[in-house]
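User: Hey, I've got a protein model open and I'm a bit lost. Can we go through it together?
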Amino acid sequence: MWKLFGSGTTPVLDRRTRYGLFFVIVALSITTQVVFGAEPSHSPSEKVAWIERADPGLDELIAPDALVEILAEGFEWSEGPVWIPEGGYLLFSDVPKNTIYRWKEGQGIDIFLKPSGYTGFRERGGESGSNGLALDRQGRLLLCQHGDRRVARWEKGCFITLADHYEGKPLNSPNDLVVKSNGDIYFTDPPYGMTPEAQRDPNALGFCGVYRISADGKLTLLVRDMTRPNGIAFSPDEKTLYVAQSDPQRPLWMAFPVREDGTLGEGRVFFDAKPWQQSGLPGLPDGMKVDQKGNLFATGPGGVNIFRPDGTFLGRIRVKVPTANCAFGDDGSTLYITADMYLLRVKTKTKGLGF
C-alpha cells in the first residue's frame, strides 16, 4: 500500500498481491466466524433483535408479525451500510478490520475492499477503516475514512481525496455522510478514528465539525459546537438536516434548518436520548436513514429508533447489542442494520429515500 502524495489518489496493491492477501485474509477471518461465499440461513433473531411498539402508528411502517433476520455475524464493528442498485448487493464497513464487505442474496459475504480506510505504511491500531458509505449522484462509492482522515471517492481502483484538511489542519476522522440532490456532500467529523498521537498534535483542529463539500469541491464548516457529531441524514424536502450526537454526556439527535445557499441555521434538539441511555439501553445516537414520508430510522440506545417527522417516538427495532447504522435496500422496503458483530435485516411497509 502506498500513496502518491499531492496527487489526491491512493492506488491499491497490484492484482496478484491483492489476490494473495485475499486468501490470507479469508483464512484469518475464520477466527471471527465470518463465512465467506456462503449463503446464511436467514435465521430469525428473536434472541438478538425484535420489534418494540410504543405507538400504534408503527404498524403503518413495520408489520406486527415482522421478524428481524440475521444475515451474517462475526464482525468486529459493522458500520456504514449502503445499497448498490447496480448489482443488487449491500456494502458495509468493519471499521477495526479496515475492510468493506459485500453481502448479496444467494451468495453471502465476501470482501469488497481492503484496505478501506487506512492506506499508510506504518502499523496503526484503533478505528482505522472506513465508516460511513454513500453513493454520489453518478453512483460512485463515497467513503468516510478514519485512518486516512478524509472523505474519499473510490474510482477505477483508486481513492480520490475529496476533503482531508480544513484551513490547513487535518480533519479529525470523518464518520458519516449524506449526499444532497444537487451533489453536495455533508459529513460529520468526530475524533473516533484519531490515534492518541493525533489528538495530542498541536496542529489538531480541536473541535468536532459538520461540513459540506460543494459540487465545485469547496469545503465549508457548518457546525462546530456539537461535541460528537455522528450520523447524518436529510428530510425528503432537504429543508432539514438531522445530525446525531454520540456523546454519552449529551446523547441526542439535532435538526438543523437548511438555508437556500446550503448552509445551516440554528439547530434544535429533535430528541433527547439521555433517559434511554441512563436506563441501560445499549448504544448511543449513531447512523440513520429517512423514508419517503420523512420518518426517521435512527440507530441509538436500544437499536433502531423510529420517529415521525414531528419527533413522535413510534417504537424501535430492539437489538441486544449497540447498533451502528442502517440502510434501505432491495426495492427500498428492506431495512439492513449493522449492529456490532451482526448484519441484520427486516422487511418494512415503507420505502427509503431514493427508491
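User: Let's start in strand 18: which residue there is the bridge partner of Val 210?
Analyst: That's Val 223. One thing to keep in mind as we go: this is a predicted model.
User: Ok. How many bridges join strand 17 to strand 18, and which way do the two run?
Analyst: There are four bridges, and the two strands run antiparallel. Strand 18 covers residues 219-223.
User: What sits between them in the hairpin?
Analyst: The hairpin of strand 17 and strand 18 has five residues between the strands. Gly 217 takes a positive phi there, near 90°.
User: And strand 16, how many bridges join that one to strand 17?
Analyst: Five bridges, and strand 16 (residues 185-189) also runs antiparallel to strand 17. Ile 185 has Ile 213 as its bridge partner in strand 17, while Asp 189 is partnered with Gly 209.
User: Remind me, what holds strands of a sheet together?
Analyst: In general, they pair through backbone hydrogen bonds, in a parallel or an antiparallel way.
User: So what's the order of strands in this sheet?
Analyst: The order is 15-16-17-18, an open sheet of four strands with antiparallel pairing. Strand 15 and strand 18 are the edge strands, each pairing on one side only. On average, neighbouring strands in this sheet are turned by 25° against each other, direction ignored.
User: Is strand 17 buried or exposed?
Analyst: Buried: five of the five residues in strand 17 (residues 209-213) are buried, so the strand is largely enclosed by the rest of the structure.
User: Which residues point which way from strand 17?
Analyst: Gly 209, Tyr 211 and Ile 213 point one way, and Val 210 and Arg 212 point the other way. Both groups are buried. Side chains in a regular strand alternate between the two faces of the sheet.
User: Let's follow Val 210 a bit. How far apart are Val 210 and Val 243?
Analyst: In sequence, 33 residues; in space, 8.6 Å from C-alpha to C-alpha. Val 243 belongs to strand 20 (residues 240-245).
User: Why does Val 243 count as buried?
Analyst: Because its relative accessible area is 0%, and buried means under 20%.
User: What is Val 243 in contact with?
Analyst: Leaving aside neighbours within four places in sequence, the contacts of Val 243 include Val 210, Thr 188, Met 226, Trp 253, Phe 256 and Met 288.
User: New topic. How much space lies in the largest pocket?
Analyst: About 1000 Å³. The largest pocket is lined by 37 residues, and the closest to its centre are Val 82, Trp 83, Ala 134, Leu 135 and Leu 353.
User: Which strand gives the most to that lining?
Analyst: Strand 5 does, with four residues. Other elements that give two or more include strand 9 (130-135), strand 15 (177-179) and strand 23 (288-290).
User: What does the lining look like by class?
Analyst: It has 26 nonpolar residues, four polar ones and seven charged ones.
User: How many bridges join strand 23 to strand 24?
Analyst: Three, and those two strands run antiparallel. Val 290 stands opposite Leu 296 in strand 24.
User: Let's do one more strand. What about strand 4, how many of its residues are buried?
Analyst: Four of the five residues in strand 4 (residues 69-73) are buried, so the strand is mostly covered. Four bridges join strand 4 to strand 29 (residues 342-347), and the pair runs antiparallel. In strand 29, Tyr 342 is the bridge partner of Glu 73.

How values were computed
Residues numbered from 1 in each chain as written. Predicted model: local features only at pLDDT ≥ 70, side-chain atom pairs only at ≥ 80, totals over all residues. Heavy atoms only, no water. 1 Å grid on protein atoms, 1.4 Å probe; cavity = no way out; pocket = protein on both sides within 12 Å on 5 of 7 lines; lining within 4 Å. Points joined across faces, edges and corners; volume = space filled by probe spheres on them. Nonpolar A, V, L, I, M, F, W, Y, C, P; charged D, E, K, R; others polar. Pairing = 2+ DSSP bridges. Buried < 20%, exposed > 50% of the residue type's maximum accessible area, 1.4 Å probe, protein only. Contact = heavy atoms within 4.5 Å. Axes fitted to C-alpha atoms, helices over the stretch in contact; angles between N-to-C directions.
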